[in-house]
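Please read its numbered points beside the sequence and the coordinates.

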Amino acid sequence: MGLDLKDILKLYRDPILARRIVDKIWEYSKKVDKVMIMHVCGTHEWTITHYGIRSLLPDNIEVRAGPGCPVCILPAQDIDSIIKLALDEDLTVLSYGDVSRAKGGSGYSLEDSKALGFDLKIVYSIQDAYEIALSNKDRKFIFFGVGFDTTAPSTAYMILKGVPDNLIFLSSYRYVPPSIGYIIQAEDIMVDGIINPGHSSTVTGMAPYRKYFESKPIPMVFSGFEPIDVLISIYMILRQIISGEYRMENEYSRSVTWDGNVKAMNTLFKVFKLLDGLWRGIGVIDGSGFEFKDEFRNINARYLYDLEYPNKDSHMPSGCRCADIIKGKITPIECPLYMKMCRPDKPIGPCMVSIEGTCRIWAEHMILSKAGET
Amino acid sequence: MMDPDVVKMVHGAGGVEMQKFIKNYILKYLSGSGAEVPLEFLDDSSVYNGVVLKSDTYTVKPIFFPGSDIGRLAVAGSVNDMLMIGAEPKALAMGLVIEEGFPFNDLERILESVSKTASEAGVYVITGDTKVVEKGALDKIIINMSGIGFRHRYLDHNIGVVAKYRGGVDFRWLLDRNIRPGDKIILTGYIGDHAIALLSVREGVGFKIDIESDASPLNEIVDKALEVGGVVAMKDPTRGGLANLLNEWSDKSGYGIKIYEDKIPIRDEVRAACGYLGLDPLELGNEGKAVIAVVGEKAEEVLDAIRGTELGRHAEIIGEVTDEYKFVVMETVIGGRRIVPQPIGDPVPRIC
């Protein structure tokens with residue numbers, strides 16, 4: 001008994017099943033006006049774009065990407081701070097590859113600024129960072145912690161286990177649930193339903209979303225990342241809209257639970273506390289920024305070197321419309337820089353940098369006109 | 001930051017960047033031969049006075065890998081490039097550049113493999129050259145394999161069949177630019193095997209998988225296809241894979257290509273490895289597959305003939321040429337549509 005992974009993948013990419021769901025979506029679409037659904041995960045955007053899901057949807061059903069990519073919403077101030085610190089204190093910066101290419105407020109990325117005279121090493125995980133620091137005891141290292149609740153727990157775990165004393169951290173980690181609260185309340189973002197992020201919710205569980213849902217009920221579906229997952233989630237949101245009964249529903253029940261990964265969450269909150277956090281392009285979102293608790297001051301670069309905690313909205317590069325793209329107000333093709341000055345090989349805005357950025361995903365799929373029109 | 005003005009890996013990786021590199025540097029100095037199929041066509045081989053000429057150099061890493069090795073690859077690669085424009089390969093010239101300290105054992109394994117593959121392909125190595133460079137000047141061994149061939153015995157018959165359905169033709173060889181709306185596109189078997197087999201044994205990547213490289217000469221498939229007739233273009237999806245090949249056809253012909261994701265033969269293991277490694281199977285290099293454009297009316301018959309061969313058992317019609325648009329579009333497994341862009345470069349370096 002039991003399906004192996006291969007069979008599960010086949011099921012969740014099944015063309016006949018897909019057609020049936022799409023038929024249902026079309027049927028439901030006739031009973032509603034214009035519906036705007038927002039998802040908040042780069043991987044969802046990839047699935048939607050890669051499988052051409054938008055080309056299957058009726059004209060009045062639109063799915064837009066919201067703030068779902070850590071590099072896109074990383075405050076420019078933190079990029080500037082870590083560059084200055086590395087230069088002043090002769091630190092080797094340990095950073096993820098995509099983070100190193102995001103430009104700060106000065107217009108320069110870590111990668112760009114390397115030539116000024118500090119050392120940058122690309123790592124794939126906190127484990128890499130740990131090992132590099134351990135085997136180069138004569139150097140001082142700083143790990144740039146960028147990501148959501150999906151990656152922050154492993155950093156917390158390593159810190160609890162103990163890290164070499166030549167390794168310090170700058171935390172720009174963000175907590176996803178408050179961002180959904182922000183989207184629901186924001187007056188300039190019009191959304192009729194939300195596809196909740198499956199990976200992040202696997203860690204946090206559905207529970208933290210309850211207060212945001214109750215503050216202003218809206219169809220919310222926790223969704224997986226295969227094309228069938230996304231199609232079913234769109235269908236479930238339409239079903240809720242038509243019935244008028246809004247709920248938090250779990251499409252991704254093979255991974256997401258109400259309580260989430262309790263062990264990971266406990267680890268996370270042993271090390272971090274939540275402060276109001278700045279999201280580039282959006283502004284400050286209450287209780288969304290992971291900062292080290294006081295007992296971890298000895299590894300917290302922000303405390304040790306008195307670095308500014310980002311609190312003012314960081315500017316996007318001139319002409320760049322990433323802020324509107326992150327809020328789902330426009331799509332990449334409406335940005336004047338998209339695929340002209342701003343391209344995957346020479347990104348200007350943060351959404352073109354990471355493989356989770358909406359612009360980058362659209363660019364790699366060569367989308368140059370309205371999605372779905374080929 | 002300015003890009004340093006030097007050659008990078010991507011310039012040899014068979015995608016957009018390599019095309020630009022060839023146009024901006026190689027063609028700038030070396031075009032204008034007036035050959036029947038000249039360098040500037042950038043087809044798999046060129047033709048001068050009825051002689052088909054091909055040169056290719058192999059730098060694969062590691063040099064021995066599941067199902068094949070650099071010797072087999074060199075013969076298959078060069079022979080296939082001649083076959084693809086409608087030639088019968090006849091003779092090869094081999095240049096060896098060997099790093100000091102290279103074991104004779106390994107050299108013999110490679111030469112034996114060259115000999116065996118050449119006999120499968122019906123060719124001999126009839127001239128060559130050997131150089132040895134000091135340790136560290138290159139990574140083990142590089143092989144250049146050049147060759148000549150002549151017009152395939154069935155090529156005129158094949159083009160005659162095309163002419164019958166198209167009401168005339170304006171080509172004498174099977175070139176990239178020949179494709180026209182209504183042509184069907186046949187892929188002769190599973191894609192991605194070669195690149196994944198190589199990666200599975202590559203230092204720093206290595207994983208356990210039951211996949212072997214497909215490196216093989218494609219003589220039999222080409223013979224059978226041309227014997228039926230109706231083939232307008234052939235190309236082997238090496239660096240940059242199927243995605244690069246179809247985009248080159250589309251660019252050079254000015255027509256669009258539509259493919260169906262569920263028709264593209266990909267082994268489950270390869271699909272799984274691609275998912276794990278973040279690779280797109282459409283962009284992976286192959287060394288024993290051909291993509292064959294055939295006039296619509298003869299597509300089924302050519303497909304049957306190909307399926308009757310040992311290497312073509314899993315062939316499928318994967319799509320067609322269209323004038324609805326001017327690029328490559330895939331209908332996805334769930335029925336959505338998306339553009340298949342030309343890769344910047346093959347995501348896996350040094351596979352051939």
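1. The centres of domain 1 and domain 2 of chain B, taken over C-alpha atoms, are separated by 21 Å. Domain 1 covers 9–151 and domain 2 covers 155–339; such bounds come from an automatic or database domain assignment. This is a predicted model, in which local features need pLDDT of at least 70 and side-chain atom pairs count only at pLDDT 80 or more, while totals for chains, interfaces and linings use all residues. Residues are numbered from 1 along each chain as its sequence is written, and chains are lettered from A and ligands numbered from 1 in the order in which they are written.

2. Domain 1 of chain B brings 32 residues to the contact and domain 2 of chain B brings 29 residues, where contact requires C-beta atoms, placed from the backbone, to lie within 7 Å. On the domain 1 side, helix H2 (70–84) and helix H3 (104–121) of chain B each supply at least two residues. H2(B) gives the most to that side, with 10 residues. By class, the domain 1 side divides into 16 nonpolar, 9 polar and 7 charged residues. Ala, Val, Leu, Ile, Met, Phe, Trp, Tyr, Cys and Pro count as nonpolar, Asp, Glu, Lys and Arg as charged, and the others, Gly among them, as polar.

3. Chain B has 9 helices and 14 strands; these are DSSP runs numbered from the N terminus, helices being H or I of at least four residues and strands E of at least two. Its radius of gyration is 20 Å, close to the 20 Å that the globule rule gives for 352 residues, so chain B is as compact as a globular protein of that length. The radius is taken over C-alpha atoms, and the rule is 2.2 Å times the number of residues to the power 0.38.

4. Buried residues make up 50% of the 352 residues in chain B. A residue is buried if 20 or more other C-beta atoms, placed from the backbone, lie within 10 Å of its own, exposed if 12 or fewer, and partly exposed in between.

5. In H4(B), the buried residues include B:Leu155, B:Ile159 and B:Val162. Strand E7 (141–151), helix H6 (219–228) and strand E9 (231–235) of chain B are among the elements that cover the buried residues of H4(B). Just after H4(B), B:Gly167 takes a positive phi of about 70 degrees.

6. Between the chains, the contact takes 20 residues from chain A and 15 residues from chain B. The largest share of the chain A side, 4 residues, comes from H2(A).

Key: Two residues are in contact if their C-beta atoms, placed from the backbone, lie within 7 Å.
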